[in-house]
Amino acid sequence: MKWWENQKVSVVWTMMRIWLGVQWLEAGWHKVNGDFDASGFLQGALTKATGDHPAVQGWYAEFLNGVALPNVELFNVLIPWGEIMVGIGLIVGFMTIPALIAGAFMNLNFLLAGTVSTNPILYTAAIILLFAGRGAYCWGADHWMIPYMKQMFNHHEKKQKKPIVV
């Protein structure tokens, strides 16, 4: 076992994971219970794609203009509920790695859209926790769920490989 995966050190990763989950849950909760509409954010990002030193790169502005804006109603659902699901997953330590990847992906997109805010901090925390591996979910639901799922998968796989007797 690597030093960063030991139970004592993983307490630090757990506190970091729960803190990160609370950040995501609060962000999503405010959007779900408010008048969230990504249109203004997307339009603002497009204005940052102009000038001598644009904060938003041209290729990303094309994505925003060609994909995100025409489908803003879908993004109005995906963003807040994605934030809530990432938050819950991180708080309880369930599907921790997919939640960290999804959170980091959202932070990266917010950064690419020219919004700094807390995104670099949250992105960095997610990357650190991804490198912590098992240590990130040692104190969470995945600690029990992953071995259980592996056992179920292996049991199912063994059933599939039974030789056919003629």
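Does Phe41 count as buried, partly exposed or exposed?

Author: Phe41 counts as partly exposed, at 32% relative accessibility. Buried means under 20% relative accessible area, exposed means over 50%, and partly exposed lies in between (1.4 Å probe, protein chains only). This is a predicted model: local features need pLDDT of at least 70, side-chain atom pairs count only at pLDDT 80 or more, and totals for chains, interfaces and linings use all residues. Residues are numbered from 1 along each chain as its sequence is written, and side-chain values use heavy atoms, with hydrogens and water left out.

Now the rings. Rings of Phe, Tyr and Trp (its six-membered ring) pair if their centres lie within 6.5 Å; planes under 30 degrees apart are stacked, over 60 edge-to-face, and the rest tilted. By this rule there are 3 aromatic pairs. Phe41 pairs with Phe110, edge-to-face: 6.1 Å centre to centre, with 85° between the planes. This pair links distant parts of the chain. Phe41 sits in helix H2 (residues 38-47) and Phe110 in helix H5, 69 residues apart. Helices are DSSP runs (H or I, at least four residues), numbered from the N terminus together with strands (E, at least two). Phe110 is buried, at 15% relative accessible area.

Tyr60 and Phe63 form a tilted pair, 5.5 Å centre to centre and 40° between the planes. Both lie in helix H3 (residues 58-68), 3 residues apart, about one turn of the helix. Tyr60 is buried at 5%, whereas Phe63 is partly exposed at 30%. Ring pairs join Trp59, Tyr60 and Phe63 into a cluster.

The axes of H5 (residues 96-112) and H6 (residues 119-132) come within 9 Å and cross at roughly 150°. Axes are lines fitted to C-alpha atoms, for helices over the stretch in contact, and angles run from 0 to 180 degrees between N-to-C directions. H5 and H6 are therefore roughly antiparallel. That term covers angles over 145 degrees; under 35 is roughly parallel, 65 to 115 roughly perpendicular, and the rest oblique.

Which residues touch, with contact meaning heavy atoms within 4.5 Å? The H5 side includes Leu100, Ala104 and Phe110, and the H6 side includes Tyr123, Ala126 and Leu130. By class, the contact has 14 nonpolar, 2 polar and no charged residues. Ala, Val, Leu, Ile, Met, Phe, Trp, Tyr, Cys and Pro count as nonpolar, Asp, Glu, Lys and Arg as charged, and the others, Gly among them, as polar.

Key. Contact means heavy atoms within 4.5 Å.
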